[in-house]
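Here are my notes for reading this structure together. Please keep the sequence and the 3D view open as you go through the points.

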Amino acid sequence: MRLSQYFLPILKENPREAEIVSHRLMLRAGMIRQQGQGSFTWLPLGKRVLDKVNRIIREEQDRAGAHEILMPTIQSAELWRESGRYDDYGKEMLRIKDRQNRDLLYGPTNEEMVTEIFRSYVKSYKDLPLNLYHIQWKFRDEVRPRFGVMRSREFLMKDAYSFDIDYEASKAAYNRMFVSYLRTFTRVGMKAIPMRADTGPIGGDLSHEFIILAETGESQVFCDKAYLDLTVPGADTDFRDDAAMAEIVQRWTTPYAATEEMHDEGAWNAVGDGDKLAARGIEVGHIFHFGEKYSKPMGAKVQGPDGKEHFVSMGSYGIGPSRLVAGIIEASHDENGIIWPDAVAPFDVGLINMKSGDAACDAACDRLHAELGASGRDVLYDDTDSRAGGKFATADLIGLPWQVIVGPRGVAANEAEIKNRKTGERRTVSLDAVVRELGATA
Ligand code: ATP
Ligand code: MG
């Protein structure tokens, strides 16, 4: 992609409304544009990151056996009256009337709708387990929308819903999602710690929030440092092996980790002093088992092996991809800008022509642009007529993992410079070796 033909509205000044670094950097790097209170457009650079995050989420949901669907954003109030939540949900729900004066709402979550789908089709235990998910916009009229896409009113959510014949089976479904989340957050380059979370009026111990540690996080969290060294299950993990799943969950829930609401001073005191980590965190995912809370009032039941009808046991599993993008920036930046983990970087390489218009520089860059593209790299080629200093600043700001810098002196010697954004390390290599060098280091 040639920058001269791209849409990358970089801001020179620090936007005054941005209180935290991810919000500031997302605005400055031309990733998002605020449209109203808590509502944002994703501009091309931001959209590329969001798509990469979503793709990883999808791959890991599918690997764990979930199936993607896409439910509407606008829902009928009738469904929510069936579960009793239409009145309970409160002011966070945006309520709408259509021209026939029917009550509608913009979905803040989809338990009711997915339960309606389930009960319409599934009648036998033989069709279980079932897990359906979608990635769809949600609206919650938050009391305090703030921090950009971190806490917005309209935001993207991946929400999955599991249906099982009984508690044991639904616990296995919960474990699969737990493991899937460990893999998902690791693949986007993050260390997310599963922490015991409040299950509210339903009770039980099956609720975990996945938390990224960051100073600007809105949650106070307490955990054992042991989490920082636990290894995440690999791609060859067998999600159909219930015992293996349970073992992984066991390992990842044994050291102490809790959000403030669930904090237990007694258990905390048992953690060694050198192992205590009290920090701020960002909730990027939340998994929750709630049993028959919706299946019972909404009549979602299947015939069991005993010939009797059973209300299905359910759970729901959320990730906020839009919040996650901001969370990644909170955890990975420096004073010059964003530092994207490879897997979610909007482009792999920023190719910088220090002297656009210079025939030799242009020719060398055209060639590298083509060769890097052919080798499977996403390249953003800065072919604009800005000064070199401005190009370097932009490249650092938007945080692509690699920069390839081409200037007149280098070209005369048949060389380019390669810079690693994260370490700052620079190397001079021959023009012929650029593609090979990046292949070897990435
Ligand atoms: P919070 O406690 O931060 O308000 P929540 O517990 O209400 O979030 P869930 O219902 O668990 O959120 O939603 C699942 C996920 O959706 C969250 O883990 C988070 O990543 C994301 N999310 C929730 N609310 C927002 C929001 N206002 N803006 C962006 N992402 C959000
Ligand atoms: Mg939550």
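1. Let us start with a term: a polar contact is a pair of N or O atoms within 3.5 Å; within protein, one must be able to donate a hydrogen and the other to accept it, and residues adjacent in sequence count only if both atoms are side-chain atoms. With that in hand, look at H286, where a polar side-chain atom lies 3.1 Å from an oxygen atom of ligand 1. The backbone takes part too: a polar backbone atom of V284 is 3.1 Å from an oxygen atom of ligand 1, and a polar backbone atom of G320 is 3.2 Å from an oxygen atom of ligand 1.

2. A word on what you are looking at: this is a predicted model, in which local features need pLDDT of at least 70 and side-chain atom pairs count only at pLDDT 80 or more, while totals for chains, interfaces and linings use all residues. Residues are numbered from 1 along each chain as its sequence is written, chains are lettered from A and ligands numbered from 1 in the order in which they are written, and side-chain values use heavy atoms, with hydrogens and water left out.

3. How much of ligand 1 does the protein bury? Taken alone, ligand 1 exposes 580 Å², and the protein buries 81% of that. Such accessible areas come from the Shrake-Rupley method with a 1.4 Å probe; for residues, only the protein chains shown count as cover.

4. Which residues come nearest to ligand 1? They are R140, E142, R151, S152 and E283, out of 14 residues around the ligand. A residue is near a molecule or strand if one of its heavy atoms lies within 4 Å of it. The shell around ligand 1 divides into five nonpolar, four polar and five charged residues. Here Ala, Val, Leu, Ile, Met, Phe, Trp, Tyr, Cys and Pro count as nonpolar, Asp, Glu, Lys and Arg as charged, and the others, Gly among them, as polar. β13 gives the most to this shell, with four residues. Helices (H or I, at least four residues) and strands (E, at least two) are DSSP runs, numbered from the N terminus.

5. On a 1 Å grid over the protein atoms alone, a cavity is a set of points where a 1.4 Å probe fits but cannot get out, and a pocket is an open set with protein on both sides within 12 Å along at least five of seven lines; lining residues have an atom within 4 Å of a point. Grid points are joined across faces, edges and corners, and a volume is the space filled by probe spheres set on the points.

6. The largest pocket holds about 1,300 Å³ of space. Among the 48 residues that line this pocket, R140, M157, E209, E283 and H286 are the closest to its centre. β13 supplies the largest share of the pocket lining, eight residues. By class, the lining has 16 nonpolar, 16 polar and 16 charged residues. Ligand 1 sits in this largest pocket, meaning that more than half of its atoms lie within 2 Å of the pocket's grid points.

7. Searching the whole structure finds two cavities of 30 Å³ or more. The largest cavity has about 90 Å³ of space, and G350, L380, D382, A395 and I398 are the closest to its centre of the 13 residues that line it. α12 gives the largest share of this lining, four residues. The lining has eight nonpolar, three polar and two charged residues.

8. The second largest cavity has about 40 Å³ of space. Its lining includes F40, W42, W137 and S152, and β8 gives the most to it, with three residues.

9. Finally, two backbone details. Most residues other than glycine have a negative phi, and most peptide bonds are trans. N101, however, has a positive phi of about 70° although it is not a glycine; find it in the loop between β5 (94–97) and β6 (103–106). The peptide bond from L128 to P129 is cis, with omega near 0°, and P129 lies in the loop between α5 (111–121) and β7 (130–139).
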